[in-house]
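This report describes the architecture of one protein model for a reader who is new to structural analysis. Please examine the sequence and the model before reading on.

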Amino acid sequence: MVEITCDVCDKKRPDPGKRLGNDAWILGYDIEMEKANSLQRSLRFLDRWDDSRVLELGAIHLCSEKCKDDYIRKARAA
Ligand SMILES: [Zn+2]
């Protein structure tokens, strides 16, 4: 099985078989699109975790709201 780690803090996602009541992990997409002459970056977050989509192109994995905020901040700064 695939090991998922947080894209901000490198924390490992717990085995989904052991369901923790409080699963705060967030799945999102970080996609770059070329528009006219500039590269546009688009960040999107799903309402809930979806194991079937974790390996899709541009998918990002975040363990908490805090890491999500950090990720957005870094993306804007880039
Ligand atoms: Zn994290």
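A residue counts as buried under 20% relative accessible area, as exposed over 50%, and as partly exposed in between, using a 1.4 Å probe and protein chains only. By this definition Cys-63, at 7% relative accessibility, is buried, and Cys-67, at 5%, is buried as well.

The model is predicted: local features need pLDDT of at least 70, side-chain atom pairs count only at pLDDT 80 or more, and totals for chains, interfaces and linings use all residues. Residues are numbered from 1 along each chain as its sequence is written, and side-chain values use heavy atoms, with hydrogens and water left out.

Cys-63 and Cys-67 also belong to a metal site. Together with Cys-6 and Cys-9, they coordinate the zinc ion through their SG atoms at 2.3 Å. Donors are N, O and S atoms within 2.8 Å of the metal (3.2 Å for Na, K and Ca); water is not among the atoms, so sites may look incomplete. The four donor atoms subtend angles of 106 to 115° around the zinc ion, and the arrangement is therefore tetrahedral; four donors count as such if all angles lie between 85 and 135 degrees. Along the sequence, the spacing of the donor residues is C-x2-C-x53-C-x3-C.

The sheet is open and consists of three strands in the order β2-β1-β3, with antiparallel pairing. Because β2 (38-45) and β3 stand at the edges with a single partner strand each, one side of each has no neighbour in the sheet. Strands (E, at least two residues) and helices (H or I, at least four) are DSSP runs numbered from the N terminus, and two strands pair if DSSP finds at least two bridges between them. The two pairings are set out below.

β1 and β2 form a hairpin with two residues between them, and Ala-36 in the turn has a positive phi of about 50°.

The largest nonpolar core has 14 residues, of which Trp-25, Trp-49 and Leu-62 touch the most other members. At least two residues of this core come from each of β1 (26-35), β3 (59-62) and α1 (65-77). Such a core is a set of buried Ala, Val, Leu, Ile, Met, Phe, Trp, Tyr and Cys residues joined through side-chain atoms within 4.5 Å.

Note on methods. Tetrahedral: all angles 85-135°; square planar, octahedral: opposite > 155°, others 65-115°.
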